[in-house]
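Student: Could we go through this one together? I'd like to start with the aromatic rings and then move on to other contacts.

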Amino acid sequence: MTIGGLFALLGGVGLFLFGMTIMSAGLRNACGDNLQTILEKATKNKFIAIFVGLGMTMLIQSSSATDVMVIGFVNTGMMNLTQAIGVIMGANIGTTITAQITAFNLSTYTPLLLFIGAVMYLFIKKRFWKHIGSIILGFGMLFEGITIMKQAIEPLSQTPAFVSFMTALNNPALAFLFGIAFTALLQSSSSSTVIFQAFALQGLLTYNMAVYLIIGAAIGSVTPNLLASLTANRNGKRSAILNLLFNSIRAGIIIALINIFPQILTFIQSLSPNDIGRQIANTHTIFAIIAVVIEMFFTKQIIALTYRIIPVKPGESRVEEDRSLMYMTSTTEMPTIAVLRQAQLEITRMGSIAADNLADALRCFFTYDEKLAETVREREETVGILNASISDRMAALRRFDLSKAHMRRISMMTIAVTDMDRLSEHAMNIVGYSEELNRKGLTLSDAAAEELKGMAETAMEAVRLSLEIFATEDYERLEKLEELESRVDDCQKMLIDSHIDRLMRSECNALCGVIFSDIVTDLERCSDHAINIAYALKERENQYYN
């Protein structure tokens with residue numbers, strides 16, 4: 001093979017991969033946030049989860065992209081492994097559609113696709129149609145890449161060294177390992193399968209060689225997910241391991257079946273007797289379907305094995321418990337008053353977690369601790385998950401035949417949930433300030449730190465008291481809370497004035513000064529949220545602060 005031929009082959013592969021990326025991005029952009037919303041709402045029913053994964057991967061033409069989203073949702077607790085394995089199974093079927101599409105010979109229409117896609121992308125202003133143009137353009141690039149690869153591969157059939165290398169793949173074990181390595185390099189089973197199709201069409205691969213290459217490709221395709229999981233928490237890592245286990249078991253099942261029942265391969269070939277490209281595409285799809293049909297009955301065992309590989313630590317159990325609803329577990333066949341009490345207890349529990357987060361963030365600010373900062377981030381995720389879960393349950397309550405008083409109470413509790421969520425968001429702000437100071441090697445002056453500590457203690461006292469009032473509805477303590485809130489407001493004015501004096505005397509670093517002002521504002525807003533929380537359920541005109 002000449003240098004020019006090698007460059008043509010690499011260029012074809014590059015154009016194919018880039019076309020797939022452009023097409024996938026266009027599809028995701030055209031669909032907006034709907035894909036992630038659908039994935040997030042995948043139910044605990046594994047059959048529905050399979051169809052969600054299948055449909056999504058067919059749309060975006062990338063099982064890796066679907067699996068990376070799954071890792072993200074599992075990482076944040078929005079999806080459990082039972083849901084994840086269903087989506088992963090569906091994605092493994094959906095990714096085979098690319099090979100089915102490329103098995104058609106559309107080279108005659110490729111230039112037209114490129115022209116139409118380019119015109120739509122470059123000259124149409126509407127965002128949706130621009131994304132459609134990028135889909136068509138990516139589709140054209142994908143097929144043009146295949147055409148270039150086919151033309152570059154053709155001379156290889158006359159190259160003794162390459163023919164000798166491909167002949168070695170007649171050994172099933174070598175073909176299987178090569179499929180894993182090649183797909184891991186490309187990070188896409190769709191891409192490697194299409195390249196195997198091109199080799200086969202030029203006579204460089206036999207059907208039986210391609211079968212083992214495809215089986216290996218399924219395992220190699222997990223590489224992007226393993227890489228994505230490196231920065232995820234233990235649950236996110238479990239999602240990637242789950243995918244690896246599914247595909248490894250899939251490989252074992254398929255190898256066993258085709259060796260015990262070689263008639264399977266004969267049947268697949270008979271579907272397209274004179275078209276090896278279509279035979280490879282059909283093999284890719286049928287193998288995925290067979291694996292899903294068999295493994296779907298053993299999902300509990302696969303998940304259990306995942307937990308054996310990455311066991312649950314004691315701290316994780318606590319986090320999972322925190323993120324699960326404790327009181328709002330059932331709303332059927334219960335008196336309305338009992339349901340509302342459950343909601344009140346659940347919201348109070350969420351508020352306590354948010355308050356703890358704020359307290360830890362303040363400790364982290366005054367004495368920076370990287371582990372404490374990570375705890376605040378993890379707990380913020382917990383508060384966010386509880387916020388979404390509680391809000392969904394509260395919205396569901398509105399469907400019941402409730403009195404106006406009960407509807408008002410639900411509305412007020414929903415607003416309180418938002419205020420409690422904001423407390424945790426302010427905690428994240430405060431951790432961000434502490435990290436910024438730590439990165440720059442800066443500290444507040446002793447005077448500024450002491451002033452802030454006093455204001456922080458008052459704000460925290462107000463937050464804790466507001467949660468007690470919300471939980472007990474003991475409104476005799478509102479006077480004490482309003483006194484604390486007034487003290488926080490006075491502190492804000494006093495601290496800003498002191499800060500300006502220090503700036504005028506050049507006793508304060510500029511960045512420290514900005515952070516000082518920001519944290520004072522955060523603390524004042526926390527006390528405002530505390531007032532909102534305390535007054536939420538009181539039968540009077542509520543007062544709301546920014």
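Student: Which residues do ring pairs link into a cluster?

Tutor: In this model, which is a predicted one, ring pairs link Phe-178, Phe-182 and Phe-196 into a cluster.

Student: How many aromatic pairs does the count come to?

Tutor: The count comes to four aromatic pairs. One of them joins Phe-178 and Phe-182, a stacked pair with 5.5 Å centre to centre and 15° between the planes.

Student: How far apart are Phe-178 and Phe-182 in helix H10?

Tutor: They are four residues apart in helix H10, which spans residues 172-186, so about one helical turn separates Phe-178 from Phe-182.

Student: And the pair of Phe-182 with Phe-196, what is its geometry?

Tutor: That pair is tilted, with 5.7 Å centre to centre and 35° between the planes. Phe-182 lies in helix H10 whereas Phe-196 lies in helix H11 (residues 189-201), so this pair ties together parts that are 14 residues apart in sequence.

Student: Switching topic: which lysine lies over the face of Tyr-121?

Tutor: That is Lys-130, at 5.2 Å from the ring centre of Tyr-121. There is also Lys-538, whose charged end sits over the ring of Tyr-475, 5.7 Å from the centre of that ring.

Student: OK, now His-529: where is it found, and is it buried or exposed?

Tutor: His-529 is found in helix H24, which covers residues 510-535, and with a relative accessible area of 3% His-529 is buried.

Student: What is His-529 in contact with, leaving aside its neighbours within four places in sequence?

Tutor: With those neighbours left aside, His-529 is in contact with Asp-419, Arg-422, Leu-423 and His-426.

Student: Last one, Asn-429: which helix is its place in?

Tutor: Asn-429 has its place in helix H21, residues 404-440, and, at 35% relative accessibility, Asn-429 counts as partly exposed.

Student: How far apart are Asn-429 and Asp-522, in sequence and in space?

Tutor: In sequence Asn-429 and Asp-522 are 93 residues apart, whereas in space the two are 7.9 Å apart, taken from C-alpha to C-alpha.

Key
Residues are numbered from 1 along each chain as its sequence is written. This is a predicted model: local features need pLDDT of at least 70, side-chain atom pairs count only at pLDDT 80 or more; totals for chains, interfaces and linings use all residues. Side-chain values use heavy atoms; hydrogens and water are left out. Rings of Phe, Tyr and Trp (its six-membered ring) pair if their centres lie within 6.5 Å; planes under 30 degrees apart count as stacked, over 60 as edge-to-face and the rest as tilted. Helices (H or I, at least four residues) and strands (E, at least two) are DSSP runs, numbered from the N terminus. A charge sits over a ring if NZ of Lys or CZ of Arg is within 6 Å of the ring centre and within 35 degrees of the ring normal. Buried means under 20% relative accessible area, exposed over 50%, partly exposed in between (1.4 Å probe, protein chains only). Contact means heavy atoms within 4.5 Å.
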